[in-house]
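This note is intended for a colleague who is meeting the structure for the first time. Please read the numbered points alongside the sequence and the model.

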Amino acid sequence: MKASKIAYKPVGLALGAVSGMLAGALFKQAWKVLGHDKDAPDATDEQRTWSEVLIAATLQGAIFAGVKATVDRAGATATRRMTGIWPG
């Protein structure tokens, strides 16, 4: 394993945590914007419909993937600017 990958590992872990928190906050806001007063449904929430649970899960997954890709790419780009080496 390259030294640059090893050195980037703690940065990548920290960015992953930040992206998870950011994605969660964005999802909560998006769910409210869609007109839902309550928290997003859990898959085992008996009071929610199948369609509501599946829409929430799909939206949450899409937001998480988009935020994670954005944060990971920004971190790698910043690392290249600071060190001259792409960490991937």
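1. A residue is called exposed when its relative accessible area is over 50%, and buried when that value is under 20%. The model discussed here is predicted.

2. Is Arg73 buried or exposed? Its relative accessibility is 55%, and therefore Arg73 counts as exposed. This residue belongs to helix α2, which covers residues 50–83. Between Arg73 and Gly24 the separation is 49 residues in sequence, while their C-alpha atoms lie 19 Å apart in space.

3. The arrangement of the two helices comes next. Helix α1 is formed by residues 3–33, and its axis comes within 8 Å of that of α2. The two axes cross at roughly 145°, and the crossing of α1 past α2 is right-handed. Sorted by class, the residues in the contact of α1 with α2 comprise 16 nonpolar, five polar and three charged.

4. A further point concerns the largest pocket, which holds about 160 Å³ of space. Its lining is made up of 10 residues. Nearest the centre of the pocket lie Phe27, Lys28, Trp31, Asp39 and Ala40.

5. Which helix gives the most to the lining of the largest pocket? That helix is α1, with five residues.

6. To summarise, the reader may wish to inspect Arg73, an exposed residue of helix α2, then the right-handed crossing of α1 and α2, and finally the largest pocket, to whose lining α1 gives the most.

Conventions. Residues numbered from 1 in each chain as written. Predicted model: local features only at pLDDT ≥ 70, side-chain atom pairs only at ≥ 80, totals over all residues. Heavy atoms only, no water. Helix = DSSP H or I, 4+ residues; strand = E, 2+ residues; numbered from the N terminus. Buried < 20%, exposed > 50% of the residue type's maximum accessible area, 1.4 Å probe, protein only. Axes fitted to C-alpha atoms, helices over the stretch in contact; angles between N-to-C directions. Left-handed = near helix turned anticlockwise from the far one by under 90°. Nonpolar A, V, L, I, M, F, W, Y, C, P; charged D, E, K, R; others polar. 1 Å grid on protein atoms, 1.4 Å probe; cavity = no way out; pocket = protein on both sides within 12 Å on 5 of 7 lines; lining within 4 Å. Points joined across faces, edges and corners; volume = space filled by probe spheres on them.
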